[in-house]
Amino acid sequence: MLTCEEFADKVSEYLDGNVVGGERLSMWIHSAICGHCRRYLNQIGAVVDLTAQLETPDATDQERTCDAELPEETREKLLEAFRDRHQRDR
Amino acid sequence: MLSIEDESTFIAQLLGGDEEAFVRLVEKHHDALVRMAMIFVSDRGAAEELVQETWLAVIDGLERFEQRSSLKTWIFAIMANKAKKRAGRDARTVNLSSFAEHDIERMLDNPDEGRFSERGHWSQPPLRWRIDPEERLHKQQLLEVVKDTIEELPELQRIVITMRDVQGFSANDVVGVMEISNSHQRVLLHRARATIRAALERHLAESERI
């Protein structure tokens, strides 16, 4: 039988889908019968949701159509280095 | 997420000297790289420098990239390794090769310490939060609390939660980039999340009195 402390300890793993089989079942049952632990689980879930919202546009791998904060000077410098590298190959 | 085939095609374009592809790659990741570099170095100037060095290394090393991870992970790993090499030159840099003792101390900092009885039951159970999800101002405040708490976390917890929950890297990515064990990064992540939960609880418990 899981204690609440053991449950709380595993909560992150459980939310990330890394607890499987019998252990996962134990966690699920425990959260079904223990209100405190269910609340803790939901709150950690809320933390994960909120933290994910701190991410800025790079969250998906969609192409960005605008020039973010890449300074013009940096871009030119890197492009030059890239060109140099590929001239060498020719 | 780019499929492996799409990524292979993209890499081939880069290796062929396609400048447009290269500019797209830089624009896509530069911002996130700088933000992550700020975890390792103290100011934006140093972070920009670190990221530029990273891009130069990407240009040079791309033909040796074996696609065992995604291109993004590989680029971030280069940056983390360069940051490690800077250890000692910059006061705030994490000295990752000697984090062991420092980190063990931190690992003993359990944010839920004292909340359980000896038999493992809750002695101080989690409090109920009053949250109105429709209220945008309220949500902004919560995000501020999360952000502030992350900034105050011990170094390694801050890095792991930023990579996992903010940037969306996988556990394997973190293990690869940070060169720590899986169980170690699990503990760090859980501690970080539990600390944020506790901070939100304090914030929401205080707000209730208003």
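Tutor: Gladly! Start with one idea: buried area is the accessible area that two parts lose on being put together, summed over both. Keep in mind that this is a predicted model.

Student: What is the area buried between chain A and chain B?

Tutor: About 4,900 Å² is buried between chain A and chain B, and carbon and sulfur atoms give 58% of that area. The contact takes in 44 residues from chain A and 60 residues from chain B.

Student: How many salt bridges cross the interface of chain A and chain B?

Tutor: A salt bridge pairs a side-chain nitrogen of Lys or Arg with a carboxyl oxygen of Asp or Glu within 4 Å. By that rule, 7 salt bridges lie across the interface of chain A and chain B. The interface also has 20 residue pairs in polar contact.

Student: Which helices of chain A supply the side that touches chain B?

Tutor: Helix 1 (4-15), helix 3 (35-52) and helix 4 (72-88) of chain A each supply at least two residues of that side. Helix 3 of chain A gives the largest share, 12 residues. Sorted by class, the touching side of chain A has 17 nonpolar, 9 polar and 18 charged residues.

Student: Can we look at one bridge closely? Which residue of chain B does R75(A) meet in a salt bridge?

Tutor: R75(A) meets E27(B), with 3.0 Å from N to O. This pair runs from helix 4 of chain A to helix 2 (residues 19-40) of chain B.

Student: Why is E27(B) called buried, while R75(A) is called partly exposed?

Tutor: Buried means under 20% relative accessible area, and partly exposed lies between that and 50%. E27(B) is buried because its relative accessible area is 14%, whereas R75(A), at 22%, is partly exposed.
Now try a second pair that crosses between the chains, from R85(A) in helix 4 of chain A to D60(B) in helix 3 (residues 44-61) of chain B. The closest N and O atoms of R85(A) and D60(B) are 3.0 Å apart. Here R85(A) is buried, with a relative accessible area of 9%, and D60(B) is partly exposed at 38%.

Student: Which residues are linked in a network of salt bridges?

Tutor: D16(A), R164(B), D165(B) and R193(B) are linked in such a network.

Student: And what elements does chain A have?

Tutor: Chain A has 4 helices and 0 strands. Of its 90 residues, 34% count as buried.

Notes. Residues numbered from 1 in each chain as written. Chains lettered and ligands numbered in written order. Predicted model: local features only at pLDDT ≥ 70, side-chain atom pairs only at ≥ 80, totals over all residues. Heavy atoms only, no water. Contact = heavy atoms within 4.5 Å. Buried area = accessible area lost by both parts, 1.4 Å probe. Polar contact = N/O pair within 3.5 Å; in protein donor to acceptor, adjacent residues only side chain to side chain. Nonpolar A, V, L, I, M, F, W, Y, C, P; charged D, E, K, R; others polar. Buried < 20%, exposed > 50% of the residue type's maximum accessible area, 1.4 Å probe, protein only.
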